[in-house]
Amino acid sequence: MVCDGAPIEEVRAFFADDRFATQACRAEIIEARKGHAVCECPLEPIHRNAMGGVMGGAIFTLADFALAVASNVGESPTVSVSNSIEFISTVKGSRLIATCEADKSGRSLGFYTVTVEDDLGRCIAKMTATCYR
């Protein structure tokens, strides 16, 4: 567990073991505190599908990573039990930015919304999640 208010380096070190997000997708934690996280990843050829668009799985991975950070910093160990994602626009930029906010963070359940944008400010996707502690 990472305490709320921990330096960003400590948060990054804790989540470095999320290897798929941090190594395969190259996601990076930009901001982290209880109930809030911002994560980014550069878009590279590995993130593209056969038609040249960004794979939905790459978008979901970044959203899920931001959720993991926001729901675990300053909280008991938390896992998601239900996620729903809506893909809104195609990506035009060269980076994805996911921002997660807690809608309600209770003792056993947490409810979160994640917005994914590209670096041009286009809203790419929105995910809602229910988490269990």
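What follows is a walk through the fold of this predicted model, from its sheet to its core and its cysteines. Residues are numbered from 1 along each chain as the sequence is written, and side-chain values rest on heavy atoms, with hydrogens and water left out. As this is a predicted model, local features need pLDDT of at least 70 and side-chain atom pairs count only at pLDDT 80 or more, while totals for chains, interfaces and linings use all residues.

Strands here are DSSP runs of E with at least two residues, helices are runs of H or I with at least four, and both are numbered from the N terminus; two strands pair if DSSP finds at least two bridges between them.

Strand 1 and strand 2 run antiparallel and are joined by 5 bridges, with Arg33 finding its bridge partner, His36, in strand 2.

Strand 5 and strand 6 make a hairpin with 4 residues between them, and Gly121 in the turn has a positive phi of about 85 degrees.

Now for the inside. The largest nonpolar core holds 36 residues, and Val11, Val69, Leu96, Val114 and Val116 have the most contacts within it. Such a core is a set of buried Ala, Val, Leu, Ile, Met, Phe, Trp, Tyr and Cys residues joined through side-chain atoms within 4.5 Å. At least two residues of this core come from each of several elements, among them helix 1 (8-15), strand 2 (36-42) and strand 5 (109-118). Helix 3 gives the largest share, 10 residues. Setting aside neighbours within four places in sequence, Val69 is in contact (heavy atoms within 4.5 Å) with Val11, Phe15, Ile29, Ala32, Ala37 and Cys39.

Glu9 lies in helix 1 and counts as exposed because its relative accessibility is 53%; buried means under 20% relative accessible area, exposed over 50%, and partly exposed in between (1.4 Å probe, protein chains only). Glu9 and Ile29 are 20 residues apart in sequence and 9.2 Å apart in space, C-alpha to C-alpha. Arg26, in the loop between helix 2 (19-24) and strand 1, has a positive phi of about 65 degrees although it is not a glycine. At a relative accessible area of 44%, Arg26 is partly exposed.

That leaves the cysteines. With a disulfide taken as a pair of cysteine sulfur atoms within 2.5 Å, the count is 0. For Cys25, the closest cysteine sulfur is in Cys41, 6.5 Å away and so too far for a bond. For Cys39, that closest sulfur belongs to Cys100, at 8.7 Å, again too far. Cys25 is buried at 7% relative accessibility, and Cys39 is buried at 0%.
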